[in-house]
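Q: Please take a close look at one part of this protein chain and describe how it sits within the whole. A plain account will do.

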Amino acid sequence: MESRREEQKKREAVIGGRRMTNLRYADDTTIISSSASGIRKYFQNLVTESKYYNMEINATKTKVMVVSRQEGVQLEVNHGRQQLEQVQSFKFLGSFTKFQISGIVQDSNRRLL
């Protein structure tokens, strides 16, 4: 039987040799996982922790983006009874990010200096 830590390692994404589950800056958060179950678990943890501090996740402003070598992958993540919108691109910290099968494309010209 696998330990909780070994199970968690399978869900974490490796970026630059480091295992990561999220990127945070001010009030922006990006959840990262190598599996659909990991995204759902980390999102639920975020919702639970936010409630503890009397904060609420806005399901309308929260988006899901799948980065995969396979085209057309759908991921259903729910916040209460509302399904989060799945997008092909998003803006994070002023930079527009879009995933294509050839890789992630960033348009840094959209940044405001």
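A: The protein chain has two helices and 11 strands. This is a predicted model. Read from the N terminus, the order of elements is α-β-β-β-β-α-β-β-β-β-β-β-β. The chain has 113 residues, and 24% of them count as buried. Among contacts with a separation of 6 or more, 30% are between residues 24 or more positions apart.

Strand 5 spans residues 63-64, and both of its residues can be described in turn. Valine 64 lies in this strand. Its relative accessible area is 7%, so valine 64 is buried, the cut-off being under 20%. Apart from neighbours within four places in sequence, valine 64 is in contact with Leu75, Val77, Leu84, Glu85, Gln86 and Val87. Glutamine 88 lies 24 residues from valine 64 in sequence, and the C-alpha to C-alpha distance between the two is 8.7 Å.

Lysine 63 is the other residue of the strand. Its side chain meets that of glutamate 85 in a salt bridge, with 2.9 Å from N to O. The pair joins distant parts of the chain, since lysine 63 belongs to strand 5 and glutamate 85 to strand 8 (residues 85-86), 22 residues apart. The count for the model is one salt bridge. Side chains of opposite charge can pair when their charged atoms come close. Both partners are partly exposed: lysine 63 has a relative accessible area of 38%, and glutamate 85 has a relative accessibility of 44%. Glutamate 85 is also one of the residues in contact with valine 64.

Tyrosine 53 sits in the loop between helix 2 and strand 5. With a relative accessible area of 54%, tyrosine 53 is over the 50% cut-off and therefore counts as exposed. Together with Tyr52 and Met55, Tyr53 makes a nonpolar surface patch of about 420 Å².

Helix 2 covers residues 36-52, and serine 50 is found in it. Serine 50 has a relative accessible area of 7% and is buried. Not counting residues up to four places away in sequence, serine 50 touches Met55 and Ile57.

Notes
Residues are numbered from 1 along each chain as its sequence is written. This is a predicted model: local features need pLDDT of at least 70, side-chain atom pairs count only at pLDDT 80 or more; totals for chains, interfaces and linings use all residues. Side-chain values use heavy atoms; hydrogens and water are left out. Helices (H or I, at least four residues) and strands (E, at least two) are DSSP runs, numbered from the N terminus. Buried means under 20% relative accessible area, exposed over 50%, partly exposed in between (1.4 Å probe, protein chains only). Contact means heavy atoms within 4.5 Å. Patches are made of residues with over 30% relative accessible area and no salt bridge: like charges are joined within 9 Å, nonpolar side chains (Val, Leu, Ile, Met, Phe, Trp, Tyr) within 5 Å. Accessible areas come from the Shrake-Rupley method with a 1.4 Å probe; for residues, only the protein chains shown count as cover. A salt bridge is a side-chain nitrogen of Lys or Arg within 4 Å of a carboxyl oxygen of Asp or Glu.
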